[in-house]
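Subject: Structure for your review

Dear colleague,

Please find the structure below, followed by an account of what turned up in it.

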Amino acid sequence: LYGLDKAKKAIREVGYAVVVEGNMDVITCHEAGYKNVVACSGTALTADQIQLLKRYTENIALCFDEDEAGQAASSRSIDLLLAAEINVKIVKLTCGKDPDECIRTDVKAWEESLKTSKLVMQFYFDKYLTPEVLADINKKKPAVATVLKELNKIANSIEKDHWLKELSNRIDVSE
């Protein structure tokens, strides 16, 4: 994990780590005063890296690039984080293709992106269960199946039950 040696104190202080893809993202974040940022160097997190991060926090915010490779790495990382019972948030950038570009363009946009990060299941709900999808049963069924597949990856039964209740409310179906 690139930058962990410099970030571990800040991670403990703020209570969470931001995981990004690239080394330049970490450097730019640290220069801008966001010292709780580490990089997995362009690939998905590994189980060993997650255990290392878990020494400092059980709260991770993922901010991977919006390209196909970044999204694939994000998906694999989310699966591993959920299996390790880590609280996962997703950071969607309000500008730029990565944290480095976002901060260089507008540091306030980076701050806003962090503030508006969403818990991973809330992110999936918002992504797949849009009003348009929920209004059309032919779109609703596969979307709900996708969300249920993601929900099933949650290891903690209390958290899983919470999101199942949220899902039933969202789609207006009994649990």
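Five strands form an open sheet with mixed pairing, and their order across the sheet is β2-β1-β3-β4-β5; two strands are taken as a pair if DSSP finds at least two bridges between them, and the strands (E, at least two residues) and helices (H or I, at least four residues) are DSSP runs numbered from the N terminus. Because β2 (37-39) and β5 (118-119) stand at the edges and each has a single partner strand, one side of each is left without a neighbour in the sheet. Strand β1 (residues 17-20) runs parallel to β2 and is joined to β2 by three bridges, and V18 stands opposite V37 in β2.

The model is a predicted one, in which local features need pLDDT of at least 70 and side-chain atom pairs count only at pLDDT 80 or more, while totals for chains, interfaces and linings use all residues. Residues are numbered from 1 along each chain as its sequence is written, and side-chain values use heavy atoms, with hydrogens and water left out.

On the interior, a nonpolar core is a set of buried Ala, Val, Leu, Ile, Met, Phe, Trp, Tyr and Cys residues joined through side-chain atoms within 4.5 Å, where buried means under 20% relative accessible area, exposed means over 50%, and partly exposed lies in between (1.4 Å probe, protein chains only). The largest such core has 38 residues, of which V19, L53, L62, V88 and M121 touch the most other members. Helix α7 (residues 120-128) gives the most to this core, with five residues. A second, separate core of 17 residues includes V20, V26, Y34 and C102.

With contact taken as heavy atoms within 4.5 Å, and leaving out residues up to four places away in sequence, L62 touches V19, L45, S74, S77, I78, L81, V88, K89, I90 and V91. In α7 the buried residues are V120, M121, F123, Y124 and F125, and these pack against α4 (68-83), β4 (87-90), β5, α9 (137-151) and α10 (157-171).

Turning to charged side chains, a search of the whole structure finds twelve salt bridges, each being a side-chain nitrogen of Lys or Arg within 4 Å of a carboxyl oxygen of Asp or Glu. One of them joins D126 to K118, with the closest N and O atoms 2.5 Å apart; D126 is partly exposed at 28% relative accessible area, and K118 is partly exposed at 33%. Another joins E101 to K97 at 3.9 Å between the closest N and O atoms, where E101 counts as partly exposed at 32% relative accessibility, whereas K97 is exposed at 51%. The side chains of E150 and K153 also meet in a salt bridge (3.2 Å, N to O), and D79, E150 and K153 are linked in a network of salt bridges.

Finally, Y2 lies in the segment before α1 (4-14) and counts as partly exposed at 33% relative accessibility. Together with M24 and I27, Y2 forms a nonpolar patch on the surface, with about 250 Å² of accessible area in total.  Patches are made of residues with over 30% relative accessible area and no salt bridge, with like charges joined within 9 Å and nonpolar side chains (Val, Leu, Ile, Met, Phe, Trp, Tyr) within 5 Å; accessible areas come from the Shrake-Rupley method with a 1.4 Å probe, and for residues only the protein chains shown count as cover.

Best regards
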